[in-house]
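Subject: Structure for you to look at

Hello,

Here is the structure I promised to send over. My notes on it follow below.

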Amino acid sequence: MLRYKLIQSLYPLLTLIALLYYALLNRVFSLISRFLPKGKVTWSDEEAKEPLLFMSAKKAAEKIQRKELSSTQLVSLYIARLQRVQPLVNAVVMDNFEAARAEAEAVDLYMATLDEKSEEFQMLSSTKPLLGVPFTFKNNMDVKGFVTVAGCNKFLNNAPAEKDSKVMERLRSAGAIPVAITNLPKLAMNWCAENEVFGRTVNPYDVRRIPGGSSGGDSAAVSAGAALFGIGNDLAGSPDIRWTPLKSDFKLKTRTFRYIETLFTVSRASFETKGLRLYTEDPNALHLQFVAGAVAGATQGFISSPMELLKLRAQICHEPTSSAAPKRSSSSPLSMARQIWREKGLRHFSRGLLITQLRDCPAMGVYFASYAFLRRKTDAGSGEQQRLSNLQLLCAGGAAGMCSWLCNYPADVVKTRFQADDAYSNYREVIRKAYAENGWRTFFAGLGPTLIRAIPTNAAIFFTVEWTYRILLKARTIDQKDKASTNLDQNVCRDHGPPTVAKLRTSAAGYLFPMEAGCTLQEPMII
C-alpha cells in the first residue's frame, strides 16, 4: 500500500515528466522523419472503383446470403489485394489462399443448391452470419494445419496445430473463410509488430510508422483494404491503446464470450482474450446517428441557451411577467445583454442551460436518427440515397422535424417559462405551477403551430443539405478517388447513402519507430 500511496502522491510530477518526454521525442523523430522516404499502399483504378473493397463484412455476408454475390469473387478479390500490398506492409506470415478458394467454391455450390423457400435459407443470417466472408487471423492462436509460431524462432519447427482454436472454430461455424495468418511481435509482447522470424509490419499509409501492436498484422491488412475483418487478441491493451492516434479501428470487446460491449474507436475489434478487428462499423447505424445527434444537441446548448435567453427577454421587454422582471427601455439584444450583465452578472447568462441541454440532447438525437430511418424506409431498401426523389427528401426531413419536437416540446415549455421569468428559482417550481394551470395540457400548449412550422422548416434544411452534397460530388469538389489513399472508413458501409468523405488516416499523427538496426519499439513516439 505504501508503494501505491507514493505513486499516487507523485502522480502529477510523473505525468509532467512523461509529457515532456514524449514532447521531446515528438520533435526529435519528426525531424528524423523528414529525411526518410515516405511510402504507402496505392490503389489501382480498378481497385478504387471496386465497391467490394469498400464494403462491410456484414453487407458482404448479406449479399452472399441473398445470392447477389459469389464468395469466390469476394475471396479472390481480397486475395489479390493481399498479394499486392504484402511486399510493402509485410502483414501476412502464412497464406491459406488455395484452401480459401476451395472453401469459397464450396459456399457458392451450397448456395446454388439451397432452396430459397426452405427454412435453412431463411435462417442463414442467424446460423451462418459470416457465410463466405474472408478474414485474417493472428499467428498466436491455433489454426488447424498451420504452425503457431507467435513470432518466436523456437516455435518455428513445431508441429502444425491438430485442431482450430475456439475462436477459429466458431468463425468457421459461422461460415467465415480464413485467407491468411498475420504478423505480430515476439510472443505478442510489444507495440511493434516485429519479430526475429518474419520481420516488421509497417503502417500501410506511411512505412516510416507502425500499425501498432501486438495485433499489428491484422491492423495493417484491414486498414490497407486487404481484409474485411481480422482476428487479434488483447493481453495488455493491444487493440485498446486509446490515447494513441494510430488506431483507426472499431473494437468489439467481449468478456469470456458472455456479453458484448461495443466501444467505438472507429474500426478494430478485440475480444478480451481473443478479438475481432472489423473492417468498419456502419457509420450510418441508427444508434450512432442518435448518439452523434445527442452529443451535438448537448453541445449546442452552451450557445443556444444564452441566445434564447436574450431573445425571450427582448420579446417580453415591454411586458414583464412578474415584479422580479424589471422593465426595459430597449429591446435590442445588445441592450438586453448589457442590462442582464449589470443587474444579474455573467452567471445569469447560463440561466436555463441545463433544461436547454435536456431539451436538445434527446431532440437532436431523435432528429437525425428519425431522418436516417425515414430516408431508408422511403428508398424501399435500395440503399441509394441519391435515388430519393425531391418529394421523398422533403417528406423525410419534415417528418424528422416533427419527431424531434414531439419528444422535446414539454422541456421547451419549461425552459421558456424559466428563462422568461426570474421569479422562478428552480425547474420544479416551473413544472408545479404550469401543471396547476391546466394539468398536463399546459406542457403541450402551442404544439400544433410548432409542428406545422417544423414541417417546411426541416424539410427545407435536409433538402438543401442533400442537394448541396450531390452538387459538390458531381462537381468533384469532394474527390471520391481520394478514398484510395485514406483509411478504411471511406464508404466501407454503402448500406445507406452516398460515400463518406472524412479522411480517417491510419496514423494521422502516427508512430515512428527508431531506425537503429535491429531495434524494437519499446516506447510510443508520437509525431
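A salt bridge, as the term is used here, is a side-chain nitrogen of Lys or Arg within 4 Å of a carboxyl oxygen of Asp or Glu. Please keep in mind that this is a predicted model. By that definition the structure holds 21 salt bridges.

One of them joins the side chains of glutamate 98 and arginine 101, with 3.0 Å from N to O. Both residues belong to helix α5 (residues 97–113), and because they are 3 residues apart there, about one helical turn separates them. An α-helix has 3.6 residues a turn, so residues three or four places apart point the same way. Glutamate 98 has a relative accessibility of 60%, which means that it counts as exposed. Arginine 101, at 25%, counts as partly exposed.

Next, arginine 359. Which residues does arginine 359 bridge to? One partner is aspartate 360, where the closest N and O atoms are 2.7 Å apart. Another is aspartate 412, with the closest N and O atoms 2.6 Å apart. This second pair links distant parts of the chain, since arginine 359 sits in helix α12 (residues 353–378) and aspartate 412 in helix α13, 53 residues apart. The cut-off for buried is under 20% relative accessible area. Arginine 359 has 6% relative accessibility, so it counts as buried. Aspartate 360 has 4% and is therefore buried too. Aspartate 412 is buried, as is arginine 359. These bridges are part of a network of salt bridges that links Glu308, Arg359, Asp360, Asp412 and Lys415.

Aspartate 206 is another acidic residue to look at. Its place is in the loop between β5 (199–200) and α9 (216–223). Is aspartate 206 buried or exposed? Its relative accessibility is 4%, so aspartate 206 counts as buried. The side chain of aspartate 206 makes a polar contact of 2.8 Å with the side chain of arginine 208. A polar contact of 2.5 Å also joins the side chains of aspartate 206 and arginine 209. Leaving aside residues up to four places away in sequence, aspartate 206 touches Lys38, Gly39 and Lys40.

The last item is helix α14, which covers residues 427–438. This helix has 12 residues and reaches 17 Å from its first C-alpha to its last, close to the 16 Å expected at 1.5 Å a residue. Which residues of α14 are buried? They are Glu429, Val430 and Ala434. Seen down the axis of α14, these buried residues fall within an arc of 125°, so they line one face of the helix. What covers them includes α13 (390–420). On the face of α14 turned away from the buried side are the exposed residues Arg428, Arg432, Tyr435 and Ala436.

Both ends of α14 have a detail to check in the viewer. At the start, a side-chain oxygen of asparagine 426 comes to within 3.2 Å of the backbone nitrogen of arginine 428. After the helix comes glycine 439, with a positive phi near 70°.

Regards

Note on methods:
Residues numbered from 1 in each chain as written. Predicted model: local features only at pLDDT ≥ 70, side-chain atom pairs only at ≥ 80, totals over all residues. Heavy atoms only, no water. Helix = DSSP H or I, 4+ residues; strand = E, 2+ residues; numbered from the N terminus. Expected span 1.5 Å × (residues − 1). Buried < 20%, exposed > 50% of the residue type's maximum accessible area, 1.4 Å probe, protein only. Arc of directions from axis to C-beta. Contact = heavy atoms within 4.5 Å. Polar contact = N/O pair within 3.5 Å; in protein donor to acceptor, adjacent residues only side chain to side chain.
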